[in-house]
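Biologist: Please show me the model. I am new to it and would like to go through it step by step.

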2 protein chains.
Amino acid sequence: MSENCNACIRFIGYVIENDGNKAKIAIFNEYLEGLRRITDFSHLIILYWFHMRDNKKDRSTILVHPRGDPSKPLVGVFASRSPCRPNPVGLCVCRLLDIRGDCIIVEGLDAFVDSPIIDIKPYIPRIDSVPSAKIPDWLK
Amino acid sequence: MSENCNACIRFIGYVIENDGNKAKIAIFNEYLEGLRRITDFSHLIILYWFHMRDNKKDRSTILVHPRGDPSKPLVGVFASRSPCRPNPVGLCVCRLLDIRGDCIIVEGLDAFVDSPIIDIKPYIPRIDSVPSAKIPDWLK
């Protein structure tokens, strides 16, 4: 790894289709067994890599206007879901629709085709769901 | 980066205290401005690095017994929150308690002291909360 890296990510698959509703993720053969029993869950947390933002400028971004709207207050990247951030990791909670061969079909993945996948976790409402969590007016 | 790495993670801070309830995260100076307006949110998604599991054996783990209990079925790592996984990224939804100097105080962070932090995202119930998500009996 370069002297500027602290840790190493290996991609486990890629988004190969996404019509804005359903998305198809291909998982590399060596990781396919990792999907065993995943259909026991209705929802997944998908972690992916914002590969279009993996460059020095975007990874140095610290302040952003929410949704790129300059009428909104300038906020820190850690108060934002912006793809421009020090580690360009994207996170989506998705409904699991199907497993077909080496592919996972999900609903609600906000990732471009060709985005690399770095992890998949089962969604567990007891620890992951906080319906009452407060968000600011500028995000509404 | 080594030829086996696809992408590079840079740590943004570390867990410096954790009593099992409250945890204190120190953020490196160069990223501190990224916390601006974060207290407008009540909850955060903390992504951290399972640094104790960043080794060849643990990163090659593909099947696990949930909670290490051999009476439970062998499941894929992507159907598990096990720290042994191809990319040892941990994820916790935490309540934000306070910002003190260069530290964030949170409740509910299931990470050891010295765990590196890789990202912090605001928790947005509209996209992150699925109270009705289904989990299998073997996880209950």
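**Strands and contact**

Modeller: In chain A, strand E7 (residues 89-100) and strand E8 (residues 103-107) run antiparallel and are joined by five bridges. Strands (E) are DSSP runs of at least two residues and helices (H or I) of at least four, numbered from the N terminus; two strands pair if DSSP finds at least two bridges between them. The model is predicted: local features need pLDDT of at least 70, side-chain atom pairs count only at pLDDT 80 or more, and totals for chains, interfaces and linings use all residues. Residues are numbered from 1 along each chain as its sequence is written, with chains lettered from A and ligands numbered from 1 in the order written.

Biologist: In E8(A), which residue is the bridge partner of A:Asp98?

Modeller: Look along E8(A), which five bridges join to E7 of chain A. There, A:Asp98 has as its bridge partner A:Ile105.

Biologist: In what order do the six strands of chain A close into a barrel?

Modeller: The pairing in this barrel is antiparallel. The order is E2-E3-E8-E7-E4-E9.

Biologist: Which residue in E1(B) does A:Ala7 stand opposite?

Modeller: Strand E1 (residues 7-9) of chain A runs antiparallel to E1(B), and three bridges join them. Opposite A:Ala7 stands B:Ile9.

Biologist: Which element gives the most to the side of chain B that touches chain A?

Modeller: The contact (C-beta atoms, placed from the backbone, within 7 Å) takes 60 residues from chain A and 60 residues from chain B. Several elements of chain B each supply at least two residues, including helix H2 (125-128) and strand E9 (116-122). With six residues, the one giving the most is E9(B).

Methods
Contact = placed C-beta atoms within 7 Å.
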